[in-house]
Amino acid sequence: MLQRDLSRELIKWSQSPLRAPLILRGARQVGKSWLVSEFGKSFDQFIEINFEKQASLKQLFEGDININSL
């Protein structure tokens, strides 16, 4: 039930023309990563970066960020 409610909220966020960047916060091991992965499947293009599993990717976000270089 809670998963469906959260999924609905993410869909509502994605459809808003005034949406701000998405930040999910919560306790450890409650399903945040799973929720984002499932939500990402609804898009044609989706990139998931998990800094815990891919620590070397942190350097992409250091300094002046250029979206084209990412």
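1. A term to begin with: a residue counts as exposed when its relative accessible area is over 50%, and as buried when that area is under 20%. Ser-42 has a relative accessible area of 55%, so Ser-42 is exposed. Ser-42 belongs to the segment after H2.

2. Keep in mind that the model is predicted. The chain contains 2 helices and 0 strands. Helix H1 covers residues 2–15, and helix H2 covers residues 32–40.

3. Next, the overall form. The radius of gyration of the chain is 14 Å, whereas a compact globule of 70 residues would have a value near 11 Å. Along the principal axes, the C-alpha atoms fill a box of roughly 40 × 30 × 20 Å. Of the 70 residues in the chain, 9% are buried.

4. Which residues form the aromatic cluster? Trp-13, Phe-39 and Phe-43 make it up. There are 2 aromatic pairs in the structure. Take the pair of Phe-39 and Phe-43. Their ring centres are 5.1 Å apart. Their planes stand at 90°, and an angle over 60 degrees counts as edge-to-face, so this pair is edge-to-face.

5. Are Phe-39 and Phe-43 buried or exposed, or in between? Phe-39 has a relative accessible area of 12%, which is under 20%, so Phe-39 is buried. Phe-43 comes out at 37%.

6. The charged end of Arg-19 sits over the ring of Trp-13. The distance to the ring centre is 5.4 Å.

7. The largest pocket holds about 960 Å³. It is lined by 23 residues, and the closest to the pocket centre are Leu-24, Lys-32, Ser-33, Val-36 and Ile-49. Which helix gives the largest share of the lining? Helix H2 does, with 6 residues. Sorted by class, the lining has 12 nonpolar, 5 polar and 6 charged residues.

8. Check the backbone at Gln-29. Phi of Gln-29 is near 60°. That is a positive value in a residue other than glycine. Where is Gln-29 found? Gln-29 lies in the loop between helix H1 and H2. The relative accessible area of Gln-29 is 74%, over the 50% cut-off, so Gln-29 is exposed.

9. Last, Glu-62. Glu-62 is placed in the segment after H2. At 56% relative accessibility, over the 50% cut-off, Glu-62 counts as exposed. Compare the positions of Glu-62 and Glu-48. They are 14 residues apart along the chain, and 18 Å separates their C-alpha atoms.

Methods
Residues are numbered from 1 along each chain as its sequence is written. This is a predicted model: local features need pLDDT of at least 70, side-chain atom pairs count only at pLDDT 80 or more; totals for chains, interfaces and linings use all residues. Side-chain values use heavy atoms; hydrogens and water are left out. On a 1 Å grid over the protein atoms alone, a cavity is a set of points where a 1.4 Å probe fits but cannot get out, and a pocket is an open set with protein on both sides within 12 Å along at least five of seven lines; lining residues have an atom within 4 Å of a point. Grid points are joined across faces, edges and corners, and a volume is the space filled by probe spheres set on the points. Helices (H or I, at least four residues) and strands (E, at least two) are DSSP runs, numbered from the N terminus. Ala, Val, Leu, Ile, Met, Phe, Trp, Tyr, Cys and Pro count as nonpolar, Asp, Glu, Lys and Arg as charged, and the others, Gly among them, as polar. Rings of Phe, Tyr and Trp (its six-membered ring) pair if their centres lie within 6.5 Å; planes under 30 degrees apart count as stacked, over 60 as edge-to-face and the rest as tilted. Buried means under 20% relative accessible area, exposed over 50%, partly exposed in between (1.4 Å probe, protein chains only). A charge sits over a ring if NZ of Lys or CZ of Arg is within 6 Å of the ring centre and within 35 degrees of the ring normal. The radius of gyration is taken over C-alpha atoms; the globule rule is 2.2 Å times the number of residues to the power 0.38.
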